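Hi,

Here is the structure I said I would pass on.

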Amino acid sequence: NETFWRLYGVDMESVLHIQESGSPEVLPLFHKLNSYFYEEQELRYGKFHMHLHQVFAPHIVSYLENEEVTLREELEEALERETWFPESSKEEFSCPAVQQIVAQVKNMQKMVAGLRWPDKSF
């Protein structure tokens, strides 16, 4: 089992070296492997699981940074073109574009929580 993961790790690193940093294409692979390691009690946070995190961390951080920039730009554009109007049931003002971006941020938070990253500050 250890030999398999060691060899797989070498192949995985080779593939990740040719991937563009921040590419969303690496996320499904990470999620699948991470879920496997996480669900197998004897492998959870073991040598290969932690190696997986080390190898994928730059890609995931870059992806999240790219998403943050995109969301910030979308928010700025939305605020410039949006008209604010009172909601019929409340005395508050609403901005549909901002509400959509808030929903995207919540989805990103769920995605990050789903990473099951061992470092809680991540």
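This is a predicted model: local features need pLDDT of at least 70, side-chain atom pairs count only at pLDDT 80 or more; totals for chains, interfaces and linings use all residues.

E39 is exposed, at 56% relative accessibility. E39 forms a salt bridge with R116, and their closest N and O atoms are 3.9 Å apart. What makes the pair worth a look is where the two partners sit: E39 is in helix 2 and R116 in the segment after helix 4 (96–114), so the bridge ties together parts that are 77 residues apart in sequence. R116 is partly exposed, with a relative accessible area of 28%.

How many salt bridges does the count come to? Two. The other one joins E68 and R72, with the closest N and O atoms 3.1 Å apart.

Now the overall layout. The chain has four helices and two strands, and along the sequence they follow the pattern α-α-α-β-β-α. Out of 122 residues, 30% count as buried. If you take the contacts between residues at least 6 apart in sequence, 62% of them join residues at least 24 apart.

On confidence, the mean pLDDT of the chain is 81, and 87% of the residues reach 70 or more. Among the elements, helix 2 (residues 27–39) has the highest mean pLDDT, at 89, while strand 1 (residues 85–86) has the lowest, at 61.

Next, two histidines in helix 3. H49 is found in that helix and is buried, with 0% relative accessibility. Which residues does H49 touch, once those up to four places away in sequence are set aside? They are N34, F37, Y38, L43 and R44.

With a relative accessible area of 3%, H53 counts as buried, since the cut-off is under 20%. Leaving out neighbours within four places in sequence, its contacts are F30, N34, L115, R116, W117 and P118. Two of those names have come up already: N34 is also touched by H49, and R116 is the salt-bridge partner of E39.

Then there is the inside of the model. Rolling a probe the size of a water molecule over the atoms shows where empty space is left. Here the count comes to one cavity of 30 Å³ or more, with a volume of about 60 Å³ for the largest cavity. Its lining is made up of W5, Y8, G9, M12, F37, F48, H51 and L52. The elements that give two or more residues to this lining are helix 1 (2–18) and helix 3 (47–81). Helix 1 has the largest share, with four residues. By type, the lining residues divide into six nonpolar, two polar and no charged. One of them, F37, is also on the list of residues that H49 touches.

Most residues other than glycine have a negative phi. Y45 has a positive one, near 60°. You will find Y45 in the loop between helix 2 and helix 3, where it is partly exposed at 34% relative accessibility.

The other is V98, in helix 4. Is V98 buried or exposed? Buried, with a relative accessible area of 19%; the cut-off for buried is under 20%. V98 and E82 are 16 residues apart in sequence, and their C-alpha atoms are 8.6 Å apart in space.

If you open the model in a viewer, you could begin with the pair R116 and E39, then go on to H53, which has R116 among its contacts, and end at the cavity lining, with W5 and L52 among its residues.

Cheers

Definitions and conventions:
Residues are numbered from 1 along each chain as its sequence is written. Side-chain values use heavy atoms; hydrogens and water are left out. On a 1 Å grid over the protein atoms alone, a cavity is a set of points where a 1.4 Å probe fits but cannot get out, and a pocket is an open set with protein on both sides within 12 Å along at least five of seven lines; lining residues have an atom within 4 Å of a point. Grid points are joined across faces, edges and corners, and a volume is the space filled by probe spheres set on the points. Ala, Val, Leu, Ile, Met, Phe, Trp, Tyr, Cys and Pro count as nonpolar, Asp, Glu, Lys and Arg as charged, and the others, Gly among them, as polar. pLDDT is the predictor's confidence in each residue, from 0 to 100. A salt bridge is a side-chain nitrogen of Lys or Arg within 4 Å of a carboxyl oxygen of Asp or Glu. Buried means under 20% relative accessible area, exposed over 50%, partly exposed in between (1.4 Å probe, protein chains only). Contact means heavy atoms within 4.5 Å.
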